[in-house]
Amino acid sequence: MIFDPNDHSHCLQLFDRLSEYIDGEMDEPQRREIEAHVAECVACCACLQSLRRTIALCKQAGRQTVPAVFSEKLHTMIQHFQSAR
Amino acid sequence: MTAEPAPNRKNVVDDDTELVRAINAGRTERFPELVKRYEQKLYNFGRRMCRDESDAEDLVQDTFLNVYRYLKDFRYETKFKNWLYRVAANTALKKRRRSKFALEPELPLEELAEHEELAAPEEVPEWARMPLEQVLNEELMGILHQAIWSLPEKYRIVAILRDIEEFSTEDTAQILNLSPANVKVRLHRARLFLRDKLKGYFSHDL
């Protein structure tokens, strides 16, 4: 396929499928289509990379330990609830 | 009475099945084991869903109380974890509806498409090329959490379940009672929204 750098209609069509591509939820022909386009289109390549980075950051969002005071309160509340029933 | 799957229905067995069956068979003294197993995960889910820490704690408490009340209705047809998160998601959504009556805004894809980027192609931005460990810092995590909180709830819950809790599309659809296609659309819009917020942070920083 010859990619015309001035024709962005193809970019817009692919734009709403980039997450499916990143998540590996596309069939082989669709995946190949995206890869061929991204290899030629700097804008879509930039978009794909920044979207990937965003997802990676979300996955690193960090986990907080449950505060001990809250955990104790939760277990006490459950005990009271159980004994009241 | 323990709920048994109807004939011809799938009976899912997972790491929680033995414990859940024991509790439903009357060994309710084992319920705290279930709480211990999931309090950390639900606390973090609550912290992502609620801006306020006390709201997050209320969400965890109310979720476990609802689980205790309704566990007998669990039919072993899904993973227990999916059912638990469904209870948590419903608890979160009900809480919001009680406190606010505003309609949830949509995130139109057209506005999230970077027209300027498509019109004037540029190279991969530096923040997307740098090693992850170089860009991760407390300030960035703060920006990310603010961005997640600023997502409309129906997008936020999908982003949290898919990209933070790492549920599959199918499991997320089951938890939220949405079609997989709907989950994909909401997730993509949420990710584009978050990318836009993060890009703003890096454009000031670099």
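This report describes a predicted model with chains A and B.

## Model and confidence

Local features need pLDDT of at least 70, side-chain atom pairs count only at pLDDT 80 or more, and totals for chains, interfaces and linings use all residues. Residues are numbered from 1 along each chain as its sequence is written, while chains are lettered from A and ligands numbered from 1 in the order in which they are written.

The model scores ipTM 0.86 and pTM 0.84. Chain B has a mean pLDDT of 85. Of its residues, 82% reach 70 or more. Here pLDDT is the predictor's confidence in each residue, from 0 to 100.

## Chain A

Chain A has five helices and zero strands. Its pattern along the sequence is α-α-α-α-α. Helices (H or I, at least four residues) and strands (E, at least two) are DSSP runs, numbered from the N terminus.

The radius of gyration of chain A is 23 Å, well over the 12 Å from the globule rule for 85 residues, so the chain is more spread out than a compact globule. That radius is taken over C-alpha atoms, and the rule is 2.2 Å times the number of residues to the power 0.38. The C-alpha trace of chain A spans about 70 × 25 × 20 Å along its principal axes. Of the 85 residues, 21% count as buried. Buried means that 20 or more other C-beta atoms lie within 10 Å of the residue's own; exposed means 12 or fewer, and partly exposed is in between, with C-beta atoms placed from the backbone.

## Where the chains meet

The contact takes 37 residues from chain A and 44 residues from chain B. Two residues are in contact if their C-beta atoms, placed from the backbone, lie within 7 Å. On the side of chain A, α1 (9-15), α2 (18-22), α4 (42-59) and α5 (68-84) each give two or more residues. Helix α4(A) gives the most, with 15 residues.

Helix α3 (residues 53-70) of chain B has 18 residues. It reaches 26 Å from its first C-alpha to its last, close to the 26 Å expected at 1.5 Å a residue. The expected span is 1.5 Å times one less than the number of residues. Buried residues in α3(B) include B:Leu59, B:Phe64 and B:Val67. The buried residues fall within an arc of 155° seen down the axis, so they line one face of α3(B). The arc is that of the directions from the helix axis to the C-beta atoms. The face turned away carries the exposed B:Ser54, B:Arg69 and B:Tyr70.

Helix α10 (residues 153-164) of chain B is mostly covered, with nine of its twelve residues buried. Among them are B:Tyr155, B:Arg156 and B:Asp163. Just after α10(B), B:Glu166 takes a positive phi of about 60°.
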